[in-house]
Amino acid sequence: MAGKKGVHFGGGNIGRGFVAEFLHNSGYEVVFVDVMDSIIESLQKTKSYEVTEIGDDGEKKFTIDNYRALNSKHEMEKVIHEIATADVVTCAVGPNILKFIAKPIAEGIEARKSSEPLSVIACENMIGATDALRGFIEGHLGEEVKQDIKSKARFANSAIDRIVPLQPEGAGLNVLIEKFYEWCVEEKPFDGKPPPIKGIHFVQDLKPYIERKLFTVNTGHATAAYYGYNRGKKYVHEVLQDKELHDIVQDTLKETAHLICTQHTHVSTKEQSEYVQAIVKRISNPALEDIVTRVGRAPLRKLSRRERFIAPAAHLAEMNESYKGLLGGIEMAFRFQNVEGDEESAELAKKLKELDAEAAVKDICGLEAEHPLFKDVVAVVKKVQGGS
């Protein structure tokens, strides 16, 4: 594996503390790409940084080195060259930024001389993130390359699961991160030759893993955060220490567990129940000091059609099954407004002021009036708008 190179878009905590750690431990040189001057300058001036994993058994520290960093605002030609000569491209930039990183990746793919195709894996909290990125990339490719794309690049969706809490003041590049992780990646796109990255779990069918993760970890985490914010709690673990709120989170995850076991019959009720309890234990860990406003940020995205609340609730409504717990979390998410440091919470407040409930549900949640979930979400929005 010597001499392998991974280009990673996003110099944030997930990029440095999760993706880069895996690439580094697998013998890759990592090239960070970002537009944040401060992060790139720090990475360029520092030869190494530390990742500290927190678990029930204490802390473990790792040193990350063998990396470089480029600012794509000023060094785009270099970014394209690095992609053209890389083995792997990953990203952790947020779903809304995928369209902006697509052009340099497309230009890098077109400039490739290697006989080995580039492995492209998006590491976002989003179903089908790599598919979405591929769509943006292909919009910038010439027809000839697009027709022969399989020889130039392989695109695989992934599901990532690792909690990165708010970092200690003055941490710099060092990252504090949860010990537990899961990184599942589709194996099929690689035609039997997946990239040699230690720790990745290559799977034939990603859907059960990504839905299990999104509808358990993300739904549970966000439910705790939004209820916690509404009740004046600062940390997620404090929410889970409150019996009433703990039971609300558990009841919500019973609903999503029922959905997962129904839709993915190979996942047993026992297996999913154990998974749920493991997740609740993880997010209850006081050592993470996970702040509810950090977990709750970006409520518009989290209330969208394919996300952690509306997607499972919609499936359950279509099945004529209970989604009462999820509806409570949806209400608390709509109440997450004008939170300092979170632009989406301000935008949410603006939309709820300007739109009537029906229009707001269509706009924010992507639900049509005919959908069986629509009326219940409209009732929740009317309640929030009415101030009750």
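Author: Helices (H or I, at least four residues) and strands (E, at least two) are DSSP runs, numbered from the N terminus. By that rule Val276 sits in helix α11, residues 269-283. The model is predicted, so local features need pLDDT of at least 70 and side-chain atom pairs count only at pLDDT 80 or more, while totals for chains, interfaces and linings use all residues. Residues are numbered from 1 along each chain as its sequence is written, and side-chain values use heavy atoms, with hydrogens and water left out.

Reader: Is Val276 buried or exposed?

Author: Buried means under 20% relative accessible area, exposed over 50%, and partly exposed in between (1.4 Å probe, protein chains only). Val276 has a relative accessible area of 5%, so Val276 is buried.

Reader: Which residues is Val276 in contact with, leaving aside its neighbours within four places in sequence?

Author: Contact means heavy atoms within 4.5 Å. For Val276 the list is Thr216, Gln250, Leu253 and Ala257.

Reader: Which residues does UniProt list for the "Mannitol dehydrogenase C-terminal" domain?

Author: UniProt positions are given in the numbering used here, with feature names shortened, and annotations may be inferred rather than shown by experiment. The unreviewed entry lists residues 205-351 for that domain. In the model this span is 71% helix and 0% strand, with its end C-alpha atoms 38 Å apart. The annotation "domain: Mannitol dehydrogenase N-terminal", also from an unreviewed UniProt entry, covers residues 6-198. Residues 6-198 are 33% helix and 29% strand, and the end C-alpha atoms lie 13 Å apart.

Reader: What is the order of the six strands in the open sheet?

Author: Strands of a sheet pair through backbone hydrogen bonds, either parallel or antiparallel. Two strands count as paired if DSSP finds at least two bridges between them. Here the order is β5-β2-β1-β6-β7-β8, and the pairing is parallel. β5 and β8 (153-156) stand at the edges with a single partner strand each, so one side of each has no neighbour in the sheet. On average, neighbouring strands are turned by 20° against each other, direction ignored. Axes are lines fitted to C-alpha atoms, for helices over the stretch in contact, and angles run from 0 to 180 degrees between N-to-C directions.

Reader: How many bridges join β1 to β2?

Author: Six bridges join β1 (residues 4-9) to β2, and the two strands run parallel. Val7 stands opposite Val31 in β2. On the β5 side, β2 (residues 28-34) is joined to β5 by five bridges, again in parallel, with Asp34 opposite Asn71 in β5. Six of the seven residues of β2 are buried.

Reader: In what order do the three strands of the other open sheet stand?

Author: The order is β4-β3-β10, with mixed pairing. The edge strands are β4 (58-64) and β10 (175-178), each of which pairs on one side only. Neighbouring strands in this sheet are turned by 25° against each other on average, direction ignored. β3 (residues 49-55) pairs with β10 in the parallel sense over four bridges, and Ile54 has Glu178 in β10 as its bridge partner. Helix α1 (residues 13-25) lies across β3, β4 and β10, at about 95° to β3.

Reader: At what angle do α4 and α5 pack?

Author: Helix α4 (residues 98-110) and helix α5 (residues 129-138) pack at about 65°, with their axes 8 Å apart. Among the contact residues are Ile101, Ile105 and Ile109 in α4, and Leu133, Phe136 and Ile137 in α5. For sorting residues, Ala, Val, Leu, Ile, Met, Phe, Trp, Tyr, Cys and Pro count as nonpolar, Asp, Glu, Lys and Arg as charged, and the others, Gly among them, as polar. The contact of α4 with α5 then divides into eleven nonpolar, no polar and one charged.
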